[in-house]
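This report describes selected local features of a single model. The sequence and the coordinates are shown first.

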Amino acid sequence: MKLTTHIKRCKKCKELVENRTQVVIGEGPIPCSILFLGEAPGKREDVKGIPFCGVSGDMLEAAAFKAGLKRKQHYHILNILKCRPPENRDPTKCEIENCRPFLLKQIDAVKPKVIMAFGRYAQSFVLGVPPSDIRVLRNAGKVVQLTNAHAVLSYHPAYVLRNRGNDIAKAFDKHFLLARKIVKGKVPKCDAKNVEL
Ligand code: URA
């Protein structure tokens, strides 16, 4: 069975399955050198079946565009969870574990050189530490060397949206430039090495 069919038919997380409109698989070219990794679909994403298609998505798209990155062309977008948690609550440990094999297979297909990890849950995934141990703000801007890629740790676009016009937004813009540099082979000193997904 095709991976996307498998994901669409998944019924592992009872509460998510009962409440979802659609499964949000991801978007973008395969393979693709840049992968944007978010948390989980929101209300609009759940209705449209497209990741980051709401206000956070507009902000993300605009920030990426400033770095010369165009949607559907230069980056692939995936989330830790493929289904929307009701009322946008945080993903549970069990839901994250249920979705992980899909995410790993998707990443394997996309073969990114850089993964931009947006927010606590994406950072937790690339660092292999529990979400509660993640210091999102302290980590932002750090580069992690993974087995087959580098990860740039960043803020969640929704957080940046709430901080428009200040240093958070400026730093967010810089994270995209950093990702582009890494794609071009200019890898800065890494803050963590040999992290296995
Ligand atoms: N927030 C996310 O983390 N992912 C989306 O797709 C939309 C909002």
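## Strand pairing and the ligand shell

Strand S1 (residues 34–38) runs parallel to S2, the two being joined over 4 bridges; strands are said to pair if DSSP finds at least two bridges between them. The model is predicted, with local features requiring pLDDT of at least 70 and side-chain atom pairs counting only at pLDDT 80 or more, while totals for chains, interfaces and linings use all residues. Residues are numbered from 1 along each chain as its sequence is written. Helices (H or I, at least four residues) and strands (E, at least two) are DSSP runs, numbered from the N terminus.

Within S2, Asn79 is the bridge partner of Gly38. From strand S2 (residues 76–79), His76 and Leu78 point one way and Ile77 and Asn79 the other, and all are buried. A residue is buried if 20 or more other C-beta atoms, placed from the backbone, lie within 10 Å of its own, exposed if 12 or fewer, and partly exposed in between. In a regular strand the side chains alternate between the two faces of the sheet.

Gly38 and Asn79 are also among the residues around the ligand, together with Glu39, Ala40, Pro41, Gly42, Glu45, Pro51, Phe52 and Ser56; here a residue is near a molecule if its C-beta atom, placed from the backbone, lies within 6 Å of it. This shell divides into 4 nonpolar, 4 polar and 2 charged residues. Ala, Val, Leu, Ile, Met, Phe, Trp, Tyr, Cys and Pro count as nonpolar, Asp, Glu, Lys and Arg as charged, and the others, Gly among them, as polar.

## Helix H5

Which elements do the buried residues of H5 pack against? They pack against helix H1 (3–8), H2, S1 and S2, where contact requires C-beta atoms, placed from the backbone, within 7 Å. The buried residues are Glu95, Ile96, Cys99, Phe102, Leu103, Gln106, Ile107 and Val110. An α-helix has 3.6 residues a turn, so residues three or four places apart point the same way.

Helix H5 (residues 93–110) has 18 residues and should span 26 Å at 1.5 Å a residue, which agrees with the 25 Å between its end C-alpha atoms; the expected span is 1.5 Å times one less than the number of residues.

## Backbone geometry in the loops

A cis peptide bond, with omega of about -5 degrees, joins Ile30 and Pro31; Pro31 belongs to the loop between H2 and S1.

| Residue | Phi |
|---|---|
| Phe52 | near 45 degrees |
| Lys72 | about 65 degrees |
| Lys111 | about 50 degrees |

Phe52 is placed in the loop between helix H3 (43–48) and helix H4 (55–66), and counts as buried because it has 25 C-beta neighbours inside 10 Å. Lys72, in the loop between H4 and S2, has 10 such neighbours inside 10 Å and therefore counts as exposed.

## Gly119 and its surroundings

Gly119 lies in helix H6 (residues 119–127) and is buried, with 23 other C-beta atoms within 10 Å. Not counting residues up to four places away in sequence, Gly119 touches Glu39, Val136, Tyr155, His156 and Tyr159. The C-alpha atoms of Gly119 and Leu137, 18 residues apart along the chain, are separated by 8.8 Å.

Technical notes:
Two residues are in contact if their C-beta atoms, placed from the backbone, lie within 7 Å.
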